[in-house]
Amino acid sequence: MKKDNIKKLLMFIPGFRSHKTWKMIVASIYYFIAIITGVTNGFGAFLFFISAPFWIFSIVDLVTHKKKAIPVQKVIISFFISFVLMITGITISSQAEQNTTNAKSVPAETENTDSKENNINEESKSKDTADVANATQNTDSKEEKTSSKLNGKLKIHYINVGQGDSILIQQGDATMLIDAGPDANTTANYLKGQGIKKIDILVGTHPHADHIGGMPAVINGFEINKIYMPKVTHTSKIFENTMESIKAKGMKISTPHPGDSFKLGNADCTILAPNSSSYDNLNNYSIVLRIKFGNNSFIFDGDAESLSEGEILQKQLDIQSDVIKLGHHGSRTATSQSYLNKVNPKYAVISCGKGNSYGHPHAETMAKLKERNIKVYRTDENGTIICTSDGENIKFSCEPGSYNSSAQSKSNNTGGGGAAVKKSSTNSAPKHNPAPKQTTGSKKGETVYITSSGKKYHRSGCQYLKKSCIEIKKSDAISEGYTPCSKCNP
Ligand SMILES: [Zn+2]
Ligand SMILES: [Zn+2]
């Protein structure tokens, strides 16, 4: 009796119906693999693999009319049940996969408050291998792959904080903030306005006040998982306040190491700088980051200047990026030609204050961008700039700004390569009639020469120009704070 029951049951199991030994062995191996797949990849995968032979064999039975033992109705019922089970399996596994990508989008940083360098390295390595494993599993699933892998969009807010930097980056549920602007609350208020409560990665590129001015408010006002800052101290009050806020929160600072990478949702972030442990210029301590999202990439240069750019180039890492946040607010001391060539961006973003006293962005930088036809977005003209990527296409929230240097923007609002300055009501000079150049004074259009370290501008051939000689418009020189040399009296 018992044997009969088993026989009846086996008649329904593909591979066991004919009682041929080789078929039974093949079938057993298949079912065993299905179970293992179920254990490693979840119940959905198990359902899919276990139901597949049932409905396939049902179809074969129906087509070949093998009515030997099983009546047609039963074959149809078996087909439907197994087919539904298979669809359920696919649904469960694709949902599970989405959940894991969501969960992965927030890196588990808790144990990472330990700032030991090795830990960071190990952690990022182990994450990398986990991601590789995840990626190989992903190839199993169907079209769902591409959409769930990129899980929505990458959204970058270049927040208008005046003369300074603050950049909010969102991918899935994960959030990163690079710098917090010069003011105490501008960045924190912007984040609150965006409904943000938690920052997974907080980056203070370097200790200058125009980058960390808003840090204490951000650290105190939001849940923060990890803080990256370069290994350098500063004597300013704002730096001390920032350190105190971090301490009060019981957090430790993670030191960035070039080449280290971490995940921000589905985006891959790589640290590119600083590459040395001591610099004369605080700006060169800037943490430089590259983010890759699908086929789009973005580079954030902090205030890194040509020296740091040279070091990055030497490392020969992949730095090509669609969008560059120019180093040091578009200063001529950053964005060297060789660096710009290698990054080879389509778009440049400049974070600088309208009419700032440094003359940022400088004419030399703007000329390089114009020459390469790189579209420029700048917070002094565009306000907050929001850039969105779906992994293939990049969109900006506004029209590009002009190629005017800060000095040019002050003297005339015309020309350049795009949207003219609109919000001139606040503190800019009264609008000139779009005056032709002669009327702004032929003298101002004159070319004068400056040196890399001095504060005077000179006539060509002045004895002070022996060491370095940089061509600049007289109007630019004046607006950048240079004064006439008393020797050559330009
Ligand atoms: Zn700065
Ligand atoms: Zn700086």
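1. In this predicted model, Glu364 and Arg332 are joined through their side chains by a salt bridge, with an N to O distance of 2.7 Å. Glu364 belongs to helix H13 (residues 363–371) whereas Arg332 sits in the loop between S11 and helix H12 (337–343), so the contact ties together parts that are 32 residues apart in sequence. Glu364 is partly exposed, its relative accessible area being 22%.

2. The structure as a whole holds 9 salt bridges.

3. Arg290 and Asp318 form another salt bridge, in which the closest N and O atoms are 3.4 Å apart. This pair links distant parts of the chain, 28 residues apart, with Arg290 in strand S9 (residues 288–293) and Asp318 in the loop between helix H11 (306–315) and strand S11 (323–325). Arg290 counts as buried at 8% relative accessibility, while Asp318, with a relative accessible area of 49%, is partly exposed.

4. For the salt bridge between Lys198 and Asp200, the closest N and O atoms are 3.2 Å apart. Here Lys198 is partly exposed, with a relative accessible area of 22%, whereas Asp200 counts as buried because its relative accessibility is 0%, and the cut-off for buried is under 20%.

5. A separate point concerns Ile33, which is placed in helix H2 (residues 21–41) and is partly exposed, with a relative accessible area of 48%. The C-alpha atoms of Ile33 and Phe46 are separated by 9.3 Å, the two residues being 13 residues apart along the chain.

Technical notes
Residues numbered from 1 in each chain as written. Chains lettered and ligands numbered in written order. Predicted model: local features only at pLDDT ≥ 70, side-chain atom pairs only at ≥ 80, totals over all residues. Heavy atoms only, no water. Helix = DSSP H or I, 4+ residues; strand = E, 2+ residues; numbered from the N terminus. Buried < 20%, exposed > 50% of the residue type's maximum accessible area, 1.4 Å probe, protein only. Salt bridge = Lys/Arg side-chain N within 4 Å of Asp/Glu carboxyl O.
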